[in-house]
Amino acid sequence: MTDMKTTEAIYHILPSLDWAYAQKIGFYKPQSLDQEGFIHFSTFKQVIPTANRYYKGIPDLLLLKVDPKHLIA
């Protein structure tokens with residue numbers, strides 16, 4: 001088994017309003033965490049295909065670049 005604490009950045013796509021709300025309350029918790037038990041992330045190579053598949057036509061998106069070393073379960 002490999003160590004999940006990779007040093008390669010991962011990315012999360014979200015509406016800018018969701019991020020503005022997270023900044024206001026001090027944390028970010030997307031619906032997918034409650035519904036599916038995890039937050040969806042992409043590698044850099046997956047960002048454009050993911051955006052085209054799941055976010056096409058949605059305005060004001062942000063792309064968060066996340067360092068997995070700073071994540072906790």
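**Figure 1. Contacts and overall make-up of the protein chain.** Of the contacts in the protein chain with a separation of 6 or more, 80% are between residues 24 or more positions apart; contact here means heavy atoms within 4.5 Å. This is a predicted model, in which local features need pLDDT of at least 70 and side-chain atom pairs count only at pLDDT 80 or more, while totals for chains, interfaces and linings use all residues. Residues are numbered from 1 along each chain as its sequence is written, and side-chain values use heavy atoms, with hydrogens and water left out. The protein chain holds three helices and two strands, arranged along the sequence as β-α-α-α-β. Helices (H or I, at least four residues) and strands (E, at least two) are DSSP runs, numbered from the N terminus. The C-alpha trace spans about 40 × 30 × 20 Å along its principal axes.

Figure 2. Of the 73 residues in the protein chain, 19% are buried. Buried means under 20% relative accessible area, exposed over 50%, and partly exposed in between (1.4 Å probe, protein chains only).

Figure 3. His-12 belongs to strand 1, residues 10-15. His-12 counts as buried because its relative accessibility is 6%. The side chains of His-12 and Tyr-28 are joined by a polar contact of 2.7 Å. A polar atom of the His-12 side chain also lies 2.6 Å from the backbone oxygen of His-40. A polar contact is a pair of N or O atoms within 3.5 Å; within protein, one must be able to donate a hydrogen and the other to accept it, and residues adjacent in sequence count only if both atoms are side-chain atoms. With neighbours within four places in sequence left aside, the residues in contact with His-12 are Tyr-28, Ile-39, His-40, Phe-41, Leu-62, Leu-63 and Leu-64. Val-66 is 54 residues from His-12 along the chain, and their C-alpha atoms are separated by 7.6 Å.

**Figure 4. Glu-8 in the segment before strand 1.** Glu-8 is located in the segment that precedes strand 1. Not counting residues up to four places away in sequence, Glu-8 touches Thr-43 and Pro-68. The C-alpha atoms of Glu-8 and Val-66 are separated by 8.9 Å, with the two residues 58 apart along the chain.

**Figure 5. The two salt bridges.** The structure holds two salt bridges, each defined as a side-chain nitrogen of Lys or Arg within 4 Å of a carboxyl oxygen of Asp or Glu. In one, the side chains of Lys-29 and Asp-34 meet at 3.1 Å, N to O. Asp-34 has a relative accessible area of 58% and is therefore exposed, whereas Lys-29, with 46%, is partly exposed. In the other, the side chains of Asp-67 and Lys-69 meet at 3.9 Å, N to O. Lys-69 is partly exposed at 48% relative accessibility, and Asp-67 is partly exposed with a relative accessible area of 28%.

**Figure 6. Ser-32 in helix 2.** Ser-32 is part of helix 2, residues 31-36. Its relative accessibility is 11%, so Ser-32 counts as buried. Beyond residues up to four places away in sequence, Ser-32 touches Gly-37, Phe-38, Ile-39 and His-40.

Figure 7. Asp-60 sits in the loop between helix 3 (47-54) and strand 2 (61-66). Phi of Asp-60 is near 55°, a positive value in a residue other than glycine. The relative accessible area of Asp-60 is 59%, so this residue is exposed.
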